[in-house]
Amino acid sequence: MKIAVLGYGTVGSGVVEVINKNQKEVCKKAGVGIEVKYILDLRDFPGDPMEQCVVHDFDVILNDPEVKIICETMGGVNPAYEYSKKALLAGKSVCTSNKELVANHGPELIALAKANDCNYLFEASVGGGIPIIRPLNASLTPERIDGITGILNGTTNYMLTKMDEEGMEYADVLAEAQAKGYAEKNPAADVEGYDACRKIAILSSLVYGKTVHYEDIYTEGITKISKQDFLYAKAMKKSIKLLGMSKDIDGSCFAMVAPFMIRAEHPLYCVKDVFNGVCVHGNMLGTTMYYGRGAGKLPTASAVVSDVIDCAKHQGKFIFCFWEDENVKLASKDEMCWKFFVRVKGNEADSNLMAAFGETEIIRVPECADEFAFVTDEISEAEFVKRIAEVKGVVSTIRMYE
């Protein structure tokens, strides 16, 4: 079976490497030979072992009846959307790692695949090499999934791990992440939480079978987290993680991306460095956890190739994926309740703390002599915003994940 790869960058070259290096395993599990016939890219690659496969015109791929599966690893919405749509209309299956495209056009492309007896698969779009899409669509189908919580971005998890374990400042650890290639020159997609937001939108949409728009999800990044926050977290035997979460609240969906303090006993506490972890809660099974490398050339490429194998095994047959182009009603953030960690400059007597929150346990760490911290009782977001406005000298606030 002949396939084409769109984009010969990090992930695209990884797809070719996985297929070539694991040729025996890939073909055996697909039940048919898998061969890369074309690589679409604007560039030429003189001296590359695959240089003879490189083409610059997508129509060459589209009009070749031998090509049955296309791996879209270009990134971005355009021209990836146009190419994916044309391929599906021609009955060619598409496997992608493109979370931005999936989050924007997932239900439309899935419907096109179904109508044309082919497939649009996107295992690599969430969690890199971690199998999470397939379990939701297959292994967990008997369950009523009522909650997903995960560390969905390897760059920010790497940064927070460094701040936690080495006491690094945010600016220093960002520079290190950029130097190592974990963070882009413009790191906003990672550090502002946008990447994790798209991923939790995709997972939420699959759980509900309807569309959760990432633009509607409250999103908060890690740019305000400091090494002082971690000093307090350690004193409380906790850590700070950027979590993407989705919960069923009385039939409505609540979704959020934000930094949370989590206790040492929670399974996500141990997810460090560039690794990702996703906890899925079902009403019968309880909690299952999926853990592994959430990004990187070969882990992500491996997930794309797993979709290629699935398409090869189901040639001409649509693989079940329940995601319709109907909007999910999102619950308001204001109604959500949790405890909040708060840092305050000065002393409690001058902060108006008692008037706002009543009796609270004061937390101090030796390295922060000119401030203190406290943890609220469980309180709604709306009530917290109202009360915290009365406290003088607030430095930072972080939600607590129990």
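## Pockets and a parallel sheet

The largest pocket has a volume of about 990 Å³. Of its 32 lining residues, those closest to the centre are Val11, Lys99, Glu184, Asp195 and Ala295. Please keep in mind that this is a predicted model.

**Largest pocket**
- Six helices each supply at least two lining residues: H1, H5 (99–115), H7 (154–166), H9 (188–191), H10 (194–208) and H12 (297–313).
- H10 provides the largest share of the lining, with 3 residues.
- Sorted by class, the lining holds 16 polar, 8 nonpolar and 8 charged residues.

**Second largest pocket**
- The volume here is about 440 Å³.
- Among the 21 residues that line the second largest pocket, Tyr218, Glu220, Lys224, Thr397 and Arg399 are the closest to its centre.
- Strand E14 (340–345), helix H14 (381–388) and strand E18 (394–401) are the elements giving two or more residues to this lining.
- E18 gives the most, with 5 residues.

**The open sheet**
- Six strands pair in parallel in the order E3-E2-E1-E4-E5-E6.
- E3 (54–55) and E6 (120–121) stand at the edges with a single partner strand each, so one side of each has no neighbour in the sheet.
- Strands E4 (residues 67–72) and E5 (residues 93–96) run parallel and are joined by 4 bridges; Ile70 has Val94 in E5 as its bridge partner.
- Helix H1 (residues 10–21) packs on the sheet, touching E1 (2–6), E2 (35–40) and E4, and its direction makes about 150° with that of E1.

Notes
Residues are numbered from 1 along each chain as its sequence is written. This is a predicted model: local features need pLDDT of at least 70, side-chain atom pairs count only at pLDDT 80 or more; totals for chains, interfaces and linings use all residues. Side-chain values use heavy atoms; hydrogens and water are left out. Two strands pair if DSSP finds at least two bridges between them. Contact means heavy atoms within 4.5 Å. Axes are lines fitted to C-alpha atoms, for helices over the stretch in contact, and angles run from 0 to 180 degrees between N-to-C directions. On a 1 Å grid over the protein atoms alone, a cavity is a set of points where a 1.4 Å probe fits but cannot get out, and a pocket is an open set with protein on both sides within 12 Å along at least five of seven lines; lining residues have an atom within 4 Å of a point. Grid points are joined across faces, edges and corners, and a volume is the space filled by probe spheres set on the points. Ala, Val, Leu, Ile, Met, Phe, Trp, Tyr, Cys and Pro count as nonpolar, Asp, Glu, Lys and Arg as charged, and the others, Gly among them, as polar.
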